[in-house]
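Subject: Structure handover and findings

Hello,

My notes on the strands, the core and some side-chain contacts follow below.

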Amino acid sequence: EVGLSLQAQHSDGQFYPASIVAISESQRRAKAPVKVHWTGYADSEVQWCSLGELKSKRLPKSSGKAKAKAKAAAKPADSVDDDSDDEPAPKAKAKAKA
């Protein structure tokens with residue numbers, strides 16, 4: 001909703017007070033459809049943001065895909081095979097042609 005006050009993630013990774021000035025439905029803006037203005041700064045200080053970069057109780061909840069990806073990324077890759085001795089897996093033998 002245009003005019004909604006919220007917290008938006010700036011390029012430095014921190015969340016700052018902002019307000020929505022535009023919402024695009026264009027395919028070009030699908031990844032970052034919300035244009036925000038940083039509270040207390042010049043009118044020219046705006047940024048297009050994705051829904052994941054916005055915080056407000058009035059925004060719809062995310063689908064949980066981002067949380068699942070973050071959880072999967074945090075899991076160490078070598079924890080899958082605990083009983084390996086850091087030896088390479090045996091190579092499969094090539095089938096001989098008849």
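Which residue in β4 does Val36 stand opposite? Val36 stands opposite Gln47.

Ground rules come before the rest. This is a predicted model, so local features need pLDDT of at least 70, side-chain atom pairs count only at pLDDT 80 or more, and totals for chains, interfaces and linings use all residues. Residues are numbered from 1 along each chain as its sequence is written, and side-chain values use heavy atoms, with hydrogens and water left out.

**Sheet**

Five strands form an open sheet in the order β4-β3-β2-β1-β5, with antiparallel pairing. Strands here are DSSP runs of E, at least two residues long, numbered from the N terminus. Two strands pair if DSSP finds at least two bridges between them. The edge strands are β4 (46-49) and β5 (54-55), each pairing on one side only.

- β1 (residues 5-9) and β2 (residues 15-23) run antiparallel, joined by five bridges. Ser5 has Ser19 of β2 as its bridge partner.
- The hairpin of β1 and β2 has five residues between the strands, and there Gly13 takes a positive phi near 90 degrees.
- β2 pairs with β3 (residues 34-38) in the antiparallel sense over five bridges. Here Ser19 has His37 of β3 as its bridge partner.
- β3 and β4 pair in the antiparallel sense over four bridges.

**Gln47**

This residue of β4 is buried, at 18% relative accessible area. Buried means under 20%, exposed over 50%, and partly exposed in between (1.4 Å probe, protein chains only). A polar atom of the Gln47 side chain lies 3.5 Å from the backbone oxygen of Gln9. Leaving out residues up to four places away in sequence, Gln47 touches Gln9, His10, Ser11, Val34, Lys35, Val36 and Trp38. Contact means heavy atoms within 4.5 Å.

**Core**

The largest nonpolar core has 11 residues, among them Leu4, Ile20, Val36, Trp38 and Cys49. The term covers buried Ala, Val, Leu, Ile, Met, Phe, Trp, Tyr and Cys residues joined through side-chain atoms within 4.5 Å. β1, β2 and β3 are the elements that give two or more residues to this core. The largest share, three residues, comes from β3. Val34 is also in the core. Beyond its neighbours within four places in sequence, Val34 contacts Ile20, Ala22, Gln47, Trp48, Cys49, Leu51 and Leu54.

**Ring**

Lys55 lies over the face of Phe15, at 4.1 Å from the ring centre. The rule asks for NZ of Lys or CZ of Arg within 6 Å of the ring centre and within 35 degrees of the ring normal.

Best regards

Notes:
Polar contact = N/O pair within 3.5 Å; in protein donor to acceptor, adjacent residues only side chain to side chain.
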